[in-house]
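Please keep the sequence and the structure in view while reading.

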Amino acid sequence: MGWDLLNFEPHIYNLNSEVPNVEKNISIERALEILSTFPLLLDTEIIDVNDAYNHILSEDVAALVPSPPFDNSSIDGWAILSSDEPKDRKEAEIVFAGDTIPRLLEPGEAFRIMTGAPIPPNADALVMVEDGLQGIARKNYIRLQGENIQQGTIALEKNTLLSPSRLALLSSIGHSSVSVFTRPKVSIISTGDELVEPGKELKPGQIYESNSISLASLVKKAGAIPTTLQCSDNIDSLRELFDQCAESSDLILTSGGVSMGDHDFVRRLLIEEGEPYFWKVQMRPGGPPIFGMWKGTPILGLPGNPVSSHVVFLMLVVPWLSHPDLFYKKIRARLKSKLKGAKNKTVFRRIKIHSNDELTATSITHQGSRNINSMVVHDALSILPPNINGDIGDIIDALWLID
Ligand code: AMP
Ligand code: MG
């Protein structure tokens, strides 16, 4: 026991003096700052708007036309002159959506008009078909040219995530294609001799491998392209995979093998043979992530425990690779359960949000970072600052997850 410790400790200290760039036990903010110096969203491409869902805009987009392009009717009814007496109104023309304006209204004339049809330029009010031709003259039922967006104004800014409503806006202002960031290619390597693919029989000491499916799904949701690979706890096989993935991908994510175990080869390889930048982040769960470069490709070693790898992905990878809007909303909620904090670490306990008069949060099941069920029965993460416990009645910050 004593020898194991002695073997281990000098090993780490020597490594630190050999590689002075490794920052240890850093804050989440510092980790994000370091990651951001290795941008993943660099290449851009022009794609059809129909393929652009969940892509991120790489430049500002201005309106090619005003929206709407012309004054038009928001109702089915009549276009009129409000100066006419209601009893004098006579229907003179019918205008459908898609028609051009036949002519100006003469005094006493009303044009029957359908929703979306253009308004004669001198019409200053509309009457609803429900009210009859002698009904109330309504000036605000005319949709004015450019009231949605004026031609030439920036409708969406660079870095905006293209959601359904934003795509609709792009179409309505005339864009058939957009410039977006190219989806990065992400290799995901799960490490561990104990891991078995679901569907196979579990032998003593083995568990089913579950991180590659969650990480690959998270990567897809982030708008990137995942490739999953498995590796035994063998340093030579892992080195070979690192080499292969460095060639084929923009980012390598690993799971497992980053903490203090004798078989934690991701950490060892990156520190001894790679270009490490940080190891360990002040967060719980997910304390031991390691980050560095391997032959020119960034590699982030995520912890093996399923909740830890998931939470580290949300906290460190999402803002770096993708867009937080896709994954969570920051909220404030009143605690209905106690939450345990941690010394010097931000704590992301799994909590369930209830939305009644105010948002409240409860914690239901076991919080162990091994237990992925805690991510399923809860739907949010607390953001407990370091050294603070959450008491019943406290209002805390939290991330409401979009799973
Ligand atoms: P490690 O960091 O490799 O020591 O892994 C920490 C814990 O996470 C261990 O209990 C592993 O069995 C578990 N673990 C590691 N990788 C996976 C995985 N891909 N799927 C499920 N559990 C894992
Ligand atoms: Mg392991």
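Which residues of helix H2 (residues 28–36) are buried? The model is predicted: local features need pLDDT of at least 70, side-chain atom pairs count only at pLDDT 80 or more, and totals for chains, interfaces and linings use all residues. Residues are numbered from 1 along each chain as its sequence is written, chains are lettered from A and ligands numbered from 1 in the order in which they are written, and side-chain values use heavy atoms, with hydrogens and water left out.

**Helix H2**

The buried residues of H2 are Ile28, Ala31, Ile34 and Leu35. Viewed down the axis of H2, these buried residues fall within an arc of 125 degrees, so they line one face of the helix. The arc is that of the directions from the helix axis to the C-beta atoms. Buried means under 20% relative accessible area, exposed over 50%, and partly exposed in between (1.4 Å probe, protein chains only). Helices (H or I, at least four residues) and strands (E, at least two) are DSSP runs, numbered from the N terminus. The cover over the buried residues of H2 includes strand S1 (23–26), strand S17 (275–281) and helix H7 (306–321). Strands S18 (283–284), S19 (290–294) and S22 (346–347) are also included in that cover.

Ser187 lies in strand S12 (residues 185–191) and counts as buried because its relative accessibility is 3%. Leaving out residues up to four places away in sequence, Ser187 touches Thr227, Leu229, Cys245, Ser248, Ser249, Leu251, Ile252 and Leu253; contact means heavy atoms within 4.5 Å.

Glu194 belongs to the loop between S12 and strand S13 (195–196). Its relative accessibility of 35% makes Glu194 partly exposed. Apart from neighbours within four places in sequence, Glu194 is in contact with Gly205, Gln206, Ile207 and Asp233. Glu194 and Gln206 are 12 residues apart along the chain, and their C-alpha atoms are separated by 4.5 Å.

**Cysteines**

Cys245, one of the contacts of Ser187, is buried at a relative accessible area of 2%. Cys231 is likewise classed as buried, at 7% relative accessibility. The structure holds zero disulfides, a disulfide being a pair of cysteine sulfur atoms within 2.5 Å.

**Backbone features**

Asn54 has a phi of about 65 degrees and lies in the loop between strand S2 (44–48) and S3. At 18% relative accessibility, Asn54 counts as buried. Phi of Lys295 is near 50 degrees, and Lys295 lies in the loop between S19 and strand S20 (297–302). In contrast to buried Asn54, Lys295 is exposed, with a relative accessible area of 61%.

On a 1 Å grid over the protein atoms alone, a cavity is a set of points where a 1.4 Å probe fits but cannot get out; a pocket is an open set with protein on both sides within 12 Å along at least five of seven lines, and lining residues have an atom within 4 Å of a point. Grid points are joined across faces, edges and corners, and a volume is the space filled by probe spheres set on the points.

The whole structure contains two cavities of 30 Å³ or more. The largest cavity has a volume of about 80 Å³. Asn54 is one of its lining residues, which also include His55, Phe181, Arg183 and Leu321. The lining of the largest cavity divides into six nonpolar, four polar and one charged residue. Ala, Val, Leu, Ile, Met, Phe, Trp, Tyr, Cys and Pro count as nonpolar, Asp, Glu, Lys and Arg as charged, and the others, Gly among them, as polar.

The largest pocket holds about 490 Å³ of space. Of the 35 residues that line the largest pocket, Gly256, Pro303, Gly304, Asn305 and Pro306 are the closest to its centre. Two or more lining residues come from each of S12, strand S14 (207–208), S18 and H7. By class, the lining of the largest pocket has nine nonpolar, 17 polar and nine charged residues.
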